[in-house]
Each structure stands twice: as structure tokens, then as C-alpha cells.
Amino acid sequence: MVYKFRVILDAEEDVFRDIAILEEDTLEDLHNAIINAFGFDGLEPGSFYTSDDEWSQGDEIPLFDTGDTPGEQKVMADYLLNTILDEDNTKIIYVYDFLNMWTFFVELAAIEEPEAAASYPDLLFAHGEMPANAPENAFSANMEDDIYGEFDDDYDEEDMDMFNDEGFEDIGGYDDHSWN
């Protein structure tokens, strides 16, 4: 079978490529098809990340083994497309070049019979021009007027009674030390 993917650059402008690739190909083959479709030189590494329907980033699947013990970590070449993506699991995130963080949403759009005259992988459609630089991903939380954000510890003045004019009060169990 042929997997048809829509690969969308995480940017404000619409930039995407539709790619067809055989289901028996690996994630490494898909990685190569993506870098060719978007015109990258392929000199930088990338990683896929498993994802759910809301595009939540899951487990990393790197191009190269970066683990402490060689051979322990599974890499893109270890995953056939049909073992990680199917009709129920259609989304995966791809990041290329970790210095620039080109981020793509990769979605399995169709599973079809291969065409006799076609060679795979195949770039089916290209839309939009690639920007010169990777788009900045602006992650922001809605904190309204809360200047402390996640660091607000809910302490009030009464909780600070353990402090006296000379620093910490003696809370017991420690000898008088010279901290020089």
C-alpha cells in the first residue's frame, strides 16, 4: 500500500507538501523524502515524535542512536511506517535541524493502492514558499496579570515567621557553625 502524507511547516504562512511513500518504507525514508520535498541539504539531523490527535509531542524517534549504550535506542531506520502509523494513528511531528528547529506536522491523509507507473517516495503537491529562516515557535501561557506565573508558591507573611533579623531562626538539630 501507499501512504499519502501532508507535511505542514509550523508557520503562519501556509507551506506544505504532499508526499506518497510505500508503507514498508521506514521513518528514515520519510525523513529523506521530507528534506528533499522542502529543499533542505540533509546535512542536519532530525527526529520524529509520536503524537496524538491534538498534536501533543510524545516519544522521540531520532535519526541516530544518541543513547548511552550503543544499539539500545531505536532509530528511524528501525520503524516501518506501517508499524507506527495507520488509520487510527495518523499524526506524527517532525523536527529538522535542532539549531533552527524546523518543525513540521506530518499527517497520514490516505492509504491507497500503488500506481503501476509511479516510483516512491513521490512528491505529489507543493504549496507555499519556504521562508529563509525557521519560523519562531512562540509558546506562551495565558497568565493574565499574574507576574509570578508558575512560581507562585502561595506563601504569605505568616509563613515567613521562621526568619528573624539575623537570618534563619534556629530550627534545632544543628550545632553553631562558623560558615566562613
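Predicted model: local features only at pLDDT ≥ 70, side-chain atom pairs only at ≥ 80, totals over all residues.
Lys and Arg count as positive here and Asp and Glu as negative, while His and the chain ends are not counted. With that convention, Asp65, Asp68, Glu72 and Asp78 form a negative surface patch. Asp65, one of the four residues of the patch, sits in the loop between strand S4 (57-62) and helix H2 (81-84). Asp65 has a relative accessible area of 30%, so Asp65 is partly exposed.

The overall layout comes next. The protein chain contains 2 helices and 9 strands. Followed along the sequence, these elements come in the pattern β-β-α-β-β-α-β-β-β-β-β. The protein chain has 180 residues, and 29% of them are buried.

From the outline, the text moves to the interior. In soluble globular proteins, nonpolar side chains tend to be buried together. In this model, the largest nonpolar core consists of 31 residues, and Phe5 and Leu27 have the most contacts inside it. Several elements contribute at least two residues each to this core: strand S1 (2-9), strand S2 (16-22), helix H1 (27-37), H2, strand S5 (91-96) and strand S6 (102-112). Helix H1 gives the largest share of the core, with 6 residues.

Val95 belongs to strand S5. Its relative accessibility is 4%, so Val95 counts as buried. Between Val95 and Phe48 there are 47 residues of separation along the chain, and their C-alpha atoms are 6.4 Å apart. The other pair involves Leu124, which is located in strand S7 (residues 122-127). Leu124 has a relative accessibility of 41% and therefore counts as partly exposed. Leu124 and Phe5 are 119 residues apart along the chain, with 9.5 Å between their C-alpha atoms. Phe5 has already been met as one of the residues with the most contacts inside the largest nonpolar core.

Charged side chains also form pairs. How many salt bridges does the structure hold? There are 2 salt bridges in the structure. One of them joins Lys4 and Glu112, whose closest N and O atoms are 2.6 Å apart. Because Lys4 lies in strand S1 and Glu112 in strand S6, this pair ties together parts that are 108 residues apart in sequence. Lys4 is partly exposed, at 22% relative accessibility. Glu112 is also partly exposed, and its relative accessible area is 33%.

A salt bridge is also formed by Asp18 and Arg6, with 2.7 Å between the closest N and O atoms. Asp18 belongs to strand S2 and Arg6 to strand S1, so that this pair links distant parts of the chain, 12 residues apart. Are the two partners buried or exposed, in whole or in part? The cut-off for a buried residue is a relative accessible area under 20%. Asp18, at 14% relative accessibility, therefore counts as buried. Arg6, at 33% relative accessibility, counts as partly exposed.

Most residues other than glycine have a negative phi, and most peptide bonds are trans. Where does this model depart from that pattern? Trp55 is not a glycine, yet its phi is positive, at about 65°. Trp55 is placed in the loop between strand S3 (46-51) and S4. With a relative accessibility of 23%, Trp55 counts as partly exposed.

Met101 also has a positive phi, near 60°, and is a residue other than glycine. The loop that contains Met101 runs between S5 and S6. Met101 has a relative accessible area of 35%, so Met101 is partly exposed.

The remaining case concerns a peptide bond. The bond from Tyr120 to Pro121 is cis, and its omega is near 0°. Pro121 lies in the loop between S6 and S7.

Conventions
Residues numbered from 1 in each chain as written. Heavy atoms only, no water. Patch = residues over 30% accessible without salt bridge, like charges linked within 9 Å, V, L, I, M, F, W, Y side chains within 5 Å. Areas by Shrake-Rupley, 256 points an atom, 1.4 Å probe, with all protein chains shown as cover. Charge placed at Lys NZ, Arg CZ, Asp CG, Glu CD. Helix = DSSP H or I, 4+ residues; strand = E, 2+ residues; numbered from the N terminus. Buried < 20%, exposed > 50% of the residue type's maximum accessible area, 1.4 Å probe, protein only. Core = buried A, V, L, I, M, F, W, Y, C linked by side-chain atoms within 4.5 Å.
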